[in-house]
Amino acid sequence: MIKENQKLLNRLQVLLDGVMIVASYMLAWYIRFRTGIFEQDPWTLSLGAYMRLLVPIVPGFLVLYYAFRLYEPKRVLGRRLEAWRVIQANVLGVMILTLLLYLVRQFDISRTMLFVFACVDIFMGVLERNIVRYVLRRMRKNGHNLKHIILVGYSRAAEQYIDRIMVNPEWGYYVRGILDDTMPHGMEYRGIKVLGSIDNLNIILPQNRLDEIVITLGLSEYHKLERIVGMCEKSGVHTKFIPDYNNIIPTKPYTEDIQGIPVINIRHVPLNNTLNWIVKRMMDIFGALFAILLFSPIMLAVALTIKITDPGPLIFKQERIGLKNKPFYMYKFRSMIMQKESDEEKGWTRKDDPRVTPIGHFIRRTSIDELPQLFNILKGDMSLVGPRPERPQFVEKFKEEIPRYMIKHQVRPGLTGWAQVNGYRGDTSIRGRIECDLYYIENWTLGLDLKIIILTFFKGFVNKNAY
């Protein structure tokens, strides 16, 4: 029944998308040619000529929506991801349409109108899909269109799965119970009961009242997996497997096929790919050069102020641990009085630290003291974006205390990072910082780097935890 409902929902979604595309196109034509916002050209084509263009646009855009997986069940497709895919499909669609018009030498179709169409269709598409999502949420909260499931195996994975279902009733999952060989009959977790042993599948499955079986075995019971999958597939019920090692293997594991043998990498690092590495390095070089030119007046003013107000060198360099655990010297504008190296290694700067100079307080709070690291980037010691590097003594300490800490050294350290734009700067949670660093390492894209750089300008410069 659920499968039939999903097919019906997909057909309705396609129909609504088609209507929205036509409506957006006609509204874009009206905005371009009838509102007076844009200057009119003497050779403007007729409305009929523009409407004929809908013949390839509607099916073409629907194909793009399908290619961008916009017809996946909304249970597993988040709002932000869905909106991003709508944007991608529309931008690509208008680019392809513009290219085709150029190839067939059709220059009289207004490119401005196509741009307006893309903007309107993105807005209308996202709005329409959120309305559908709201209607489905209301239906599922009222007990309609529910997906009935059984969990096989009581484990951390089972508890975490139930927790998420409870928090998101709009997903429409109804857990009828758990089957497990180790837990007593009648035991409950958040109102979900253990109904019996795993062998009860032979009784439950023939009744054909389930939409899905979710295997949530504990690590010690994986030897039962083949038998359970065999029983589920024999019944034809859709089956999922939620591994009980998600704290070890990332959510999106990197898999390889070695002549038919599946290999799951414990850690997926996109920057191990040579092309990704080259793209990021090129961005680092050009970005650092641009930033040096942009901030050169500020750096010159700070250098002169340090020289006038406090005797000693302009640049302070300190050993940090970088890519592949190799040490390097990181540069900063000197913000503290001259001191012995042994004194520098005692710990982080404290609030109202007497060692910080008057100009030092300002440049530390505004992160101006970090600007010389642009030269570290040119040297190849650092990147514009990445995990912040630590001193050797702290690396030795944290690698014993914090699981997976050393993974951050699989990429170049950065001038800014995902942790910093999320508030983990200065005297903040090391564990929270590492979680952000791991997310960045495993999910790196050029777009994520650009997002972090933009966020740094808005909330990354002023550091309330810098003393």
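Begin by selecting Asp-17, Glu-82, Arg-129 and Arg-133, which in this predicted model are joined to one another in a network of salt bridges. Across the model, the count of salt bridges comes to 18, and the stops that follow visit some of them.

Next, select Asp-163 together with Arg-190, whose closest N and O atoms lie 3.1 Å apart in a salt bridge. This pair links distant parts of the chain, 27 residues apart, with Asp-163 in helix H6 (residues 156–167) and Arg-190 in the loop between strand S3 (188–189) and strand S4 (192–196). If you colour by accessibility, Asp-163 counts as partly exposed because its relative accessibility is 23%, and Arg-190 likewise counts as partly exposed, at 46%.

Then move to helix H13 (residues 392–401), which holds both Lys-397 and Glu-401, four residues apart and so separated by about one turn of the helix. Their side chains form a salt bridge in which the closest N and O atoms are 3.2 Å apart. Lys-397 has a relative accessible area of 40% and is therefore partly exposed, while Glu-401, with 41%, is also partly exposed.

Finally, select Lys-379 and Asp-381, where the side chains meet in a salt bridge with an N to O distance of 3.6 Å.

Definitions and conventions:
Residues numbered from 1 in each chain as written. Predicted model: local features only at pLDDT ≥ 70, side-chain atom pairs only at ≥ 80, totals over all residues. Heavy atoms only, no water. Salt bridge = Lys/Arg side-chain N within 4 Å of Asp/Glu carboxyl O. Helix = DSSP H or I, 4+ residues; strand = E, 2+ residues; numbered from the N terminus. Buried < 20%, exposed > 50% of the residue type's maximum accessible area, 1.4 Å probe, protein only.
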